[in-house]
Amino acid sequence: MGVFEDSVATFLAPVKEYLDDDSVSEVLVNGPKDIFVERRGLLEKVSAQFHDEQALQATVRNIAQFVGRKIDDENPTLDARLPNGSRVHAVLPPASRQGTVVSIRKFSKDTPTFVDLIQRGSISKDAARFLDVCVYLAKNVIISGGTGSGKTTLLNVVGSRIPGTQRLMIIEDASELKIKTEHVIYFETKAPLANGKGGVTIRDLIKSALRLRPDRIVVGEVRGPEALDLITAMNTGHGGSMGTTHANTPVDALVRLETLAMMGDTQVPVAAIRRQIAAAIHIVVQIKR
C-alpha cells in the first residue's frame, strides 16, 4: 500500500490535491490539459494539468500495473479499483480523440445512513421508513438511475439495514459497496489473463454464491446477461436480494432488465423472462441527481 501511495504521489501529482479533498467526489481528465472535478454534484474546471500526453499515459499504465490489469494498444480501456477503494476508468487514443481520458471516482470514507440522506434532502422520512420496512420484509429491490445519481450510496444505506442474522453475498465488477452488516461476503470479478483464460465474470460469481448458502444476494450493478441469474435467484428463495441498473424511469428499469436477461446464450422466451421479472422485482427505487 505504501509503494502504491508513493507511486500515486509521483504519477498523479497534478491532481493529488483533488484526490485528497473530501469535497471532491470525482476527478475527470479529458486529455492532459483539460481537467474537471465534481463537487456536490456540480462540475467545475480546474487549472491543474499533466505535462503532456506521455505523462498522462504513464500514469494510467502505472495504475494498471499495480492493480494487475492491462492497458495497451490491444486493450485500450482500463476499469480498475485502487487499493484505497477509488474506481478508475481510462480510455487511450485513438479510441479517445482528445488524448487519454480518465475518470477517478473517489471512495467515500464514511458510509451514510438514512438520517444523513434525510438531512441532505435526498430522501423523505416516509420514503426512508418505507424502504426500511421493505428490507425487513425481504422484498427484492432494484435501484435505478443515471450515472453518478447516487445508486451505490443508496444501496449501501439500504443494504446496511439487512438483519445481521442473515448471510449476505455482494457481487461487483469493481468493488465499491461497503454494506455494514454482521455476516457479509464480498466477491469481485477478475479480468482474463493475456491468453484469454482465467477470467471470472459476474455470472460465474452469482453461480458460486448460490452454492454458498446465501440468504440474500446483492449485485452492485446489473449491466449484462447476469440480469437473468439475479432474477432467477430472487425467484428461488433468496428474498431481499438487490441490485442497481442504469435507467431513467422505473418502467425503463424493468425493460432494461428484460433486455439484459436476453443478452446471454440462454434461449428463454421473452414472455417467460417478463413473468420472472414480474414475480421477482417487488420494488424499483428511482433516483436522480
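The legends below describe close-up views of helices in a predicted model.

**View 1. Helix α5, residues 125-136, along its length.** The helix has 12 residues. From the first C-alpha to the last, α5 reaches 17 Å, close to the 16 Å expected at 1.5 Å a residue. Just after α5, A138 takes a positive phi of about 60°.

**View 2. The buried and exposed sides of helix α5.** A128, L131, C134 and V135 are the buried residues of this helix. They lie on the same side of α5 because they cover an arc of only 120° around the axis. An α-helix has 3.6 residues a turn, so residues three or four places apart point the same way. K125, D126, R129 and Y136 are exposed on the other side of α5.

**View 3. Packing partners of the buried residues of α5.** Two helices are packed against by these residues: α4 (114-120) and α6 (151-159). The buried residues of α5 also pack against the strands β10 (216-219), β11 (242-246) and β12 (283-287).

**View 4. The crossing of helices α8 and α10.** Two packed helices are described by the angle between their axes and the distance between the axes. Here the axes of α8 (residues 226-234) and α10 (residues 270-280) cross at roughly 55° and come within 9 Å. The crossing in which α8 passes α10 is left-handed.

**View 5. Residues that meet between α8 and α10.** From α8, the residues are I231, T232 and M234. In α10, they meet Q276, I277 and A280.

Definitions and conventions
Residues are numbered from 1 along each chain as its sequence is written. This is a predicted model: local features need pLDDT of at least 70, side-chain atom pairs count only at pLDDT 80 or more; totals for chains, interfaces and linings use all residues. Side-chain values use heavy atoms; hydrogens and water are left out. Helices (H or I, at least four residues) and strands (E, at least two) are DSSP runs, numbered from the N terminus. The expected span of a helix is 1.5 Å times one less than its number of residues. Buried means under 20% relative accessible area, exposed over 50%, partly exposed in between (1.4 Å probe, protein chains only). The arc is that of the directions from the helix axis to the C-beta atoms. Contact means heavy atoms within 4.5 Å. Axes are lines fitted to C-alpha atoms, for helices over the stretch in contact, and angles run from 0 to 180 degrees between N-to-C directions. A crossing is left-handed if the near helix is turned anticlockwise from the far one by less than a right angle, and right-handed if clockwise.
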